[in-house]
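Welcome, and please open the structure in your viewer.

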Amino acid sequence: MNAREWTGQLHKKQEKTFGADQKGFTLLEVLIAMIILAIIAVPICRVYVSAARTNAKARKQASATAVAENIMEGINAFSYEDVVIQFDPALTPDAEFLICQNAAPDGRVLLSGGGALDEGKYVYALKDVHEDAYDFDIKVTIDPAPYTRADESDAPKVNDYELVAMAGYNSAKDYLYVLGEGSLRSEFGLDYDTIHREVNRKLQLTITREGTGDDEGIVVSMKVAYWRNGEPEPTDDAMLEPCGAKRFEGEDALRSVYLCYEPNYAAGYGSGKDQIEIVNPDNVEFDLYLIKQSCPTWADLDVREERYAPEITVREGRWADEDQGSFVRIYHNYGTNLAADEGHPAIDPVVSDVKATYHYSYKAYEDGSTKNVSGRQTDTELSEKLNIGNSAVHKEKRFRMFLVTVEVYEAGACDENFDGSTKSRVAVLSNQ
């Protein structure tokens, strides 16, 4: 074989090899690859789409919750009457509407009302409330009924008593206890007037911590004891009958204790006193409201009020600096009776010179010994140790407690009467 023939055969081999390397995919192979890719890609796309929808829903939920919280905070800043007035666009133009700053100027609608301001349930709508990138319709329900007795045959509830301005009351943070006159009458079987001449009473409030870590909580408990004038005062805690208790979850769960009670005027007619003892061995910080009720039916109410001299004792345990003072802040309505009806005008308040006496006892030394300070709230040494505020009590029904429910719906739900047929509820918040 000569050189020319050998070169020709080599070129033929290279062409044959080159052709084999350039062989392409068949249609079937392409289809199979596309199917495999679809099987893999479709679930991944679904995950991304689902995550996007979930994030969008979470953002809307967060915005709706923020709206509900802002409205609730706004409502809690007002009395019952003021809230109703705030929701009336005829009385509160846009510039003065404080409940919800993001509501449309003409977006306040009264859906139903209960008549007088101190009665019944009100339901309002706020339309086109804007928050972030979302618009909502809000349904607000204001109802004092859970705190008011339905008729005179029912047991009194909190709104039947004189109260501090408790619009911001929260059962998760505050403890409310009402000690009515019925407790005295049932104990002794005497009429109310006789009780106030012959019977003494002691109410003991104990605040303690229990548990540790995630299980830590604060326990509030009440005990009461009664005894006649001339009888020895109960000295053993076991002689006090339990009359109420509640546990608050968390280290700083307790904010306030509200104690509403019928005053016992025995101190003015006998040797005893109305005694209130606060036992706080674990140094829990909280506000205490002592809310004495009025008895306007007595002709000599002014005399009884003048002679009323309760005795308040605070016992705490601490090893801290003596200058710290009590961990309890006390507010009261002593020295004034806010009742006023025909023939019985309200007594002028003399809060700065009340006859209530205070005893403050605390562990001031590492050996466990205690230090005591006694006197009235105007005494300098006592006022430095025991925080005693002025009267913060209101008789007017407009300061009553009320249940608030804020429901946040998608925009347009108000036009559908909030029935949820197409515009679902996004968030809901209640003060209970």
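One definition comes before the first stop: buried means under 20% relative accessible area, exposed over 50%, and partly exposed in between (1.4 Å probe, protein chains only). You are looking at a predicted model, where local features need pLDDT of at least 70, side-chain atom pairs count only at pLDDT 80 or more, and totals for chains, interfaces and linings use all residues. Residues are numbered from 1 along each chain as its sequence is written, and side-chain values use heavy atoms, with hydrogens and water left out.

**Stop 1**

Select Phe-418, in the loop between strand S18 (403–410) and strand S19 (425–430). Helices (H or I, at least four residues) and strands (E, at least two) are DSSP runs, numbered from the N terminus. Is Phe-418 buried or exposed? Phe-418 is buried, because its relative accessible area is 7%. Its phi is positive, about 55 degrees, although Phe-418 is not a glycine. Most residues other than glycine have a negative phi.

Now select Asp-132, in the loop between strand S2 (122–131) and strand S3 (134–143). Asp-132 is not a glycine either, and has a positive phi of about 55 degrees. Asp-132 counts as exposed, with 56% relative accessibility.

**Stop 2: salt bridges**

How many salt bridges does the structure hold? There are 12, where a salt bridge is a side-chain nitrogen of Lys or Arg within 4 Å of a carboxyl oxygen of Asp or Glu.

Begin with Asp-415 and Lys-127, whose closest N and O atoms are 3.3 Å apart. This pair links distant parts of the chain, 288 residues apart: Asp-415 is in the loop between S18 and S19, and Lys-127 is in strand S2. Asp-415 is exposed at 61% relative accessible area, while Lys-127 is partly exposed at 24%.

Next, select Arg-247 and Glu-210, which meet in a salt bridge of 2.4 Å, N to O. Arg-247 lies in strand S8 (residues 241–249) and Glu-210 in strand S6 (residues 199–210), so the pair ties together parts that are 37 residues apart in sequence. Arg-247 is partly exposed, at 29%, and Glu-210 is partly exposed, at 38%.

Then move to Arg-425 and Glu-407, a salt bridge with its closest N and O atoms 3.0 Å apart. Arg-425 is in strand S19 and Glu-407 in strand S18, 18 residues apart. Arg-425 is partly exposed, with a relative accessible area of 46%, whereas Glu-407 counts as buried at 10%.

Finally, select Lys-202, Glu-277 and Arg-315 together: a network of salt bridges links them.

**Stop 3: a buried strand residue**

Which residues does Thr-313 touch? Leaving out residues up to four places away in sequence, Thr-313 touches Ile-276, Glu-277, Ile-278 and His-359, with contact meaning heavy atoms within 4.5 Å. Thr-313 counts as buried, at 9% relative accessibility.

**Stop 4: a nonpolar patch**

For the last stop, select Leu-28, Ile-32, Ile-35, Ile-36, Ile-39, Ile-40 and Ile-44, which make a nonpolar surface patch of about 680 Å². Patches are made of residues with over 30% relative accessible area and no salt bridge; like charges are joined within 9 Å, and nonpolar side chains (Val, Leu, Ile, Met, Phe, Trp, Tyr) within 5 Å. Accessible areas come from the Shrake-Rupley method with a 1.4 Å probe; for residues, only the protein chains shown count as cover. Zoom in on Ile-36, which lies in helix H2 (residues 27–76). Ile-36 is partly exposed, with a relative accessible area of 46%.
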